[in-house]
Amino acid sequence: MSFSRREALKGGAGVGLYGAMLALGMIRPGTAQAQAAMQAAFQTKGIPDTLKALGAAGAAESADVSIVSPDIAENGAVVPVGVTSKLPNTDMVALLVDKNPNALAGAYQFLDGGVAEVNMRVKMGQSSDVFAIVRADGKYYMAKKEIKVTLGGCGG
Amino acid sequence: MKARFSKALSMARRNPNVSRLSDSAPSVVLLSVARLRTIGRAFRPLLVSSAFLGLLGACAWMPHEPTKEEIAQLMKQSFAERGGAKLDRLEQSALQSICSDYTGKEVPKALKEQLEQAALASVRYPADGKYLGDFKNGERIAQSGVGLQFSDAPGTVAGGNCYACHQISKQELAYGNIGPTLYNYGKLRGDSEPILKYTWARIYNAHAFNACNSMPRFGAAGILTEAQIKDVMALLLDPKSPVNQ
Amino acid sequence: MADPMKIRAAARGDVVDVRVLMAHEMETGQRKDAAGKLVPAWFISDVTASLNGKPVVKAFWGPAVSKNPYLQFKVKGGKAGDKISITWVDNKGDKRTDEVTVS
Amino acid sequence: MKSITLSHDGRERARSSLSLLSSAKAGRAGARFSQQAMLLFSGLLATTMACAQPRDATELEIEKYRQMLQDGNPAELVSLKGEGLWKKKQGPKQLSLEGCDLGLGPGVVKGANAQLPRYFADADAVMDLESRIVHCMVTIQGIDRQKVIARPYSGAGQSATDMEALVAYVVEESRGMKINVPQEHVKEKEAFARGEKIFYFRGGPYDFSCASCHAVDNQRIRLQGLPNLTKTEPAQKAFASWPAYRVSQGALRTMQWRIYDCFRQQRFPELKYLSPASVDLITYLGARANGGVMETPAIKR
């Protein structure tokens, strides 16, 4: 619980290793290890490395995963984004924003009874592709959508 | 009944205001005082009825219709100087005063023409005869909405905020519609001398062509420098500008 | 101490729809204050939602989640009268738990 | 040169007739339409134009964005805090604000803001909500006025100020209520008359007045729709949706702030908190909006 990100990173386990362990199911959700892996994933930059950190490299695009959001956001400080997975046994969902300083915005674990449908609001520094990553039956899937961020108000 | 009454009242008050204001703010007057007095004389019958209505307004049961001086006083009392935004910004020029009165109404033809002539006379064309600068800089100026606000850090370079009101290049989706679209501005008009001069004047002081329109006087009010106006000109008129693709 | 959350939980059939608003600055760590100094990152990093005391959804957040976060999710197997509780923990170790009854 | 001006005008005309077409297409309920058709034709055109549906793809997506924000308004968190503050015994006199008369009698909060600004005999002045809250904090709780008004608006990275929280609570209690800003007392009428003049007052280096942006139908600045505040329906909708939570600033913004920031954009000097011009202008906007229904606190970009 008390793992800080710095500890997670210097702990010897590279981002990729944690990711691989997560992917293989070697880390049980809720453990300190899982926590550290997740924290490491928040520190990565760009989509490819973040996918690796999540153990989700090679996630396949799936029509069963959808991103619910407007195509254009009036303001980047608050962009409403929802992720829904229709894939059976979905137990994890993550939302990534390509052009943010760190791509991973949030991840969700569904335990007993949790439905794979979440809505949240994220900051986007600029127009960007947004990725939803889903884990179902141990396999990773994804969906992608571009969200344009505009300048609202009087521009001053 | 009441509405009609107060409308008559404000119409009647309009004309004395014009000449009064021209006296109180000589540095910013665009029209000559003499010219305005001429206009004022043409409305003398209204002056008389104004005095009469003013008497009625003094009765206790009638709400007092504020005079221009009272509004000016009220504004000064209600604002504070901050940064570059001093209280003199609340002293209306003749143009501002007249245009305030005629918002949403037709400005009388003679008055409108006088305002337009005065505005055109204020335009200073580039000394070196070169009208077009760098369209890439022009795009930055058109995007930037900062400058001249009390919240701006000292030394902030003002933008033109053109996209606030105009569509310009196709790439920018967040554009306003207060002014007409400027997409393909140069492609449609070419870059002949009259077009260059007209466009320059329009940016410099748009009241030259349509007195009391909403566009800031980017040159005459010192919002943009001559070099900045050249860059905005290039954005509109340079054949290589994205505006003309 | 952290301000209370606003939680709504309503059952439709056997699915409970939960909407939560949390009061938090969610500082990115990239913003500079008036003096030009970077304001350190400060954000909710973990959220746990429980139905009658049993965790059902866990959220892991970074500083890209908007200020005063909003979260909506669904839980199967709940009904009116059940308890939904939400606990968040931020990266400074501050935490807050609030509970509502499903309507 | 002349032909340019003309063609510009021609385009303007083409655009407004286009927007008419699309608003007719957007289609209101048939019954309402025929009922309206009995009214003056020009009046009908004006109304449908004023509440025209978004016209292009960008505006439609922005509308979707706004819709998605509606559910889950962080203003609720602010008003929760405000309710606590309202009921808390504070100040040298250790009293709560529950005895404050917001115009409907001491202690009545429900619906009070839908009828503000108004004339208060105890102060012999027209007061807007924020002026009145300050008045109550000073007279009931004995708090120093300067202390109360020193920092009314929260800055970046700051949580809501006490004033913002109190305002959020009070205006939430007027949600769904009909706007009914009184125009009975002579001072209320005078405030309105001054407010109207201020609305049309052009000044500053940009020559802007409130009317520069808010006196024409279907205008937008960037993508921000600009309500025509000289028309009843948009005036009602605008007044009904302030105060609001501003997502771009992560803050609850009060009506005083709304006016303050408009003047900032106009390049005027800094509007003083609770200044007479601000109260007059809010009175004008409020009375122009009578008959609308309060949706406060709203949520905006």
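In the predicted model, the interface of chain B and chain D buries about 5000 Å², and carbon and sulfur atoms account for 58% of this area. On the side of chain B, Phe79(B), Phe150(B) and Asn177(B) contribute 13% of the area buried against chain D, more than any other three residues. The contact involves 60 residues of chain B and 48 residues of chain D.

Polar interactions across this interface comprise 27 residue pairs in polar contact, counted where both residues have pLDDT of 80 or more. Several secondary-structure elements of chain B take part: α4 (68-78), β1 (79-80), α5 (94-101), α7 (135-143) and α9 (193-204) each provide at least two residues of the side that touches chain D. Of the elements of chain B, α4(B) gives the most to this side, with five residues. Classified by residue type, the side of chain B that touches chain D consists of 31 nonpolar, 22 polar and seven charged residues.

Charged pairs are also found between the two chains, with four salt bridges identified across the interface. One of these joins Glu172(B) to Arg222(D), for which the closest N and O atoms lie 3.8 Å apart.

β1(B) is joined by two bridges to β7 (residues 270-271) of chain D, and the two strands run antiparallel. Within this pairing, Phe79(B) stands opposite Leu271(D) of β7(D).

Notes. Residues are numbered from 1 along each chain as its sequence is written. Chains are lettered from A and ligands numbered from 1 in the order in which they are written. This is a predicted model: local features need pLDDT of at least 70, side-chain atom pairs count only at pLDDT 80 or more; totals for chains, interfaces and linings use all residues. Side-chain values use heavy atoms; hydrogens and water are left out. Contact means heavy atoms within 4.5 Å. Buried area is the accessible area (1.4 Å probe) that two parts lose on being put together, summed over both. A salt bridge is a side-chain nitrogen of Lys or Arg within 4 Å of a carboxyl oxygen of Asp or Glu. A polar contact is a pair of N or O atoms within 3.5 Å; within protein, one must be able to donate a hydrogen and the other to accept it, and residues adjacent in sequence count only if both atoms are side-chain atoms. Helices (H or I, at least four residues) and strands (E, at least two) are DSSP runs, numbered from the N terminus. Ala, Val, Leu, Ile, Met, Phe, Trp, Tyr, Cys and Pro count as nonpolar, Asp, Glu, Lys and Arg as charged, and the others, Gly among them, as polar. Two strands pair if DSSP finds at least two bridges between them.
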